[in-house]
Amino acid sequence: MSIILAYFDLKVNNLSLDDIYKTYNERIKLRQKDKRLRWRGPPGTHDIELGIKVLEQVCQQESPILIPRFDKSLHRGQGDRIAPEQVERVDILFFEGWFVGMNPIEETVFDHAPDPINSEEDRQFARDNNQRLREYLPLWSKIDRLLILYPLDYRYSLQWRQAAEAKGGMNASEIEEFVKYFWKSLHPQLFLPPLLKQAHLVVEINRDHSLGKISNQ
């Protein structure tokens with residue numbers, strides 16, 4: 001998309017939800033308060049105000065803009081924020097992330113939530129993450145268009161992660177624990193259906209990463 005849009009003399013940049021993680025030290029303090037936030041990723045591990053600031057600067061066409069960046073390799077894989085990228089002009093910003101745009105859902109659904117939300121501890125973790133999503137609504141309000149790459153089966157994410165780690169990194173059991181941690185945080189079966197109804201464009205992704213049906217609202 002960046003290459004195509006460049007032909008129209010549009011300056012394109014990207015911002016990942018990962019780029020606005022709280023700093024390493026902030027996440028250490030966060031984990032001390034809530035041991036369930038042992039991995040970065042779930043709601044509560046991001047600097048929402050920083051994200052809002054960047055999106056507002058882009059909307060107001062300010063220059064220069066400091067776009068935050070995050071290096072996942074630092075602190076033995078815990079990651080930390082690094083020096084921001086300074087850009088003079090941004091016409092279009094792609095803001096992406098695994099739960100960008102997700103809204104809180106009805107609390108009662110967690111009473112009979114899908115696997116792996118099985119224990120009362122799991123259900124409380126899911127409820128707490130659902131509540132923390134409310135803090136992200138001001139950030140989502142800055143989004144002009146919502147585009148979703150939609151795996152036809154959310155369980156593909158486990159298979160894809162296992163393939164990505166095949167040459168090193170986590171072993172099979174660690175990968176499964178890691179992926180299911182995110183399913184417990186914001187289960188795709190619960191949060192994706194309402195999000196799809198809000199999207200301006202949905203691109204279905206097949207198991208082999210090929211494109212399926214493309215639909216727009």
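Me: Which residues line the second largest pocket?
Reply: Arg36, Arg38, Glu121, Asp122, Phe125, Glu177, Tyr181 and Lys184 line the second largest pocket. A pocket here is an open set of points on a 1 Å grid over the protein atoms alone, where a 1.4 Å probe fits, with protein on both sides within 12 Å along at least five of seven lines; lining residues have an atom within 4 Å of a point.

Me: Before I go on, where do the values come from?
Reply: This is a predicted model, where local features need pLDDT of at least 70 and side-chain atom pairs count only at pLDDT 80 or more, while totals for chains, interfaces and linings use all residues. Residues are numbered from 1 along each chain as its sequence is written, and side-chain values use heavy atoms, with hydrogens and water left out.

Me: OK, which elements give two or more residues to the lining of that second largest pocket?
Reply: α4 (120–132) and α7 do. Helices are DSSP runs of H or I with at least four residues, strands are E runs of at least two, and both are numbered from the N terminus.

Me: And what's the lining of the second largest pocket like by class?
Reply: Six charged, two nonpolar and no polar residues. Asp, Glu, Lys and Arg count as charged; Ala, Val, Leu, Ile, Met, Phe, Trp, Tyr, Cys and Pro as nonpolar; the others, Gly among them, as polar.

Me: Which residues of α6 and α7 meet?
Reply: Ser157, Leu158, Arg161 and Gln162 in α6 meet Ile175, Glu176, Phe178, Val179 and Trp183 in α7, with contact meaning heavy atoms within 4.5 Å. By class, that contact has five nonpolar, two polar and two charged residues.

Me: At what angle do α6 and α7 pack?
Reply: About 145°, with the axes of α6 (residues 156–164) and α7 (residues 172–185) 10 Å apart. Axes are lines fitted to C-alpha atoms, for helices over the stretch in contact, and angles run from 0 to 180 degrees between N-to-C directions.

Me: Switching to the sheet: what's the strand order?
Reply: β5-β6-β7, an open sheet of three strands with mixed pairing. Two strands pair if DSSP finds at least two bridges between them.

Me: Why is one side of β5 and of β7 left without a neighbour?
Reply: β5 (147–151) and β7 (211–216) stand at the edges with a single partner strand each, so one side of each has no neighbour in the sheet.

Me: How many bridges does β6 have with β5, and in what sense?
Reply: Five, and β5 pairs with β6 (residues 201–205) in the parallel sense. Tyrosine 150 has glutamate 204 in β6 as its bridge partner.

Me: And β6 to β7, parallel or antiparallel?
Reply: Antiparallel, joined by four bridges. In their hairpin, which has five residues between the strands, histidine 209 takes a positive phi near 75°.
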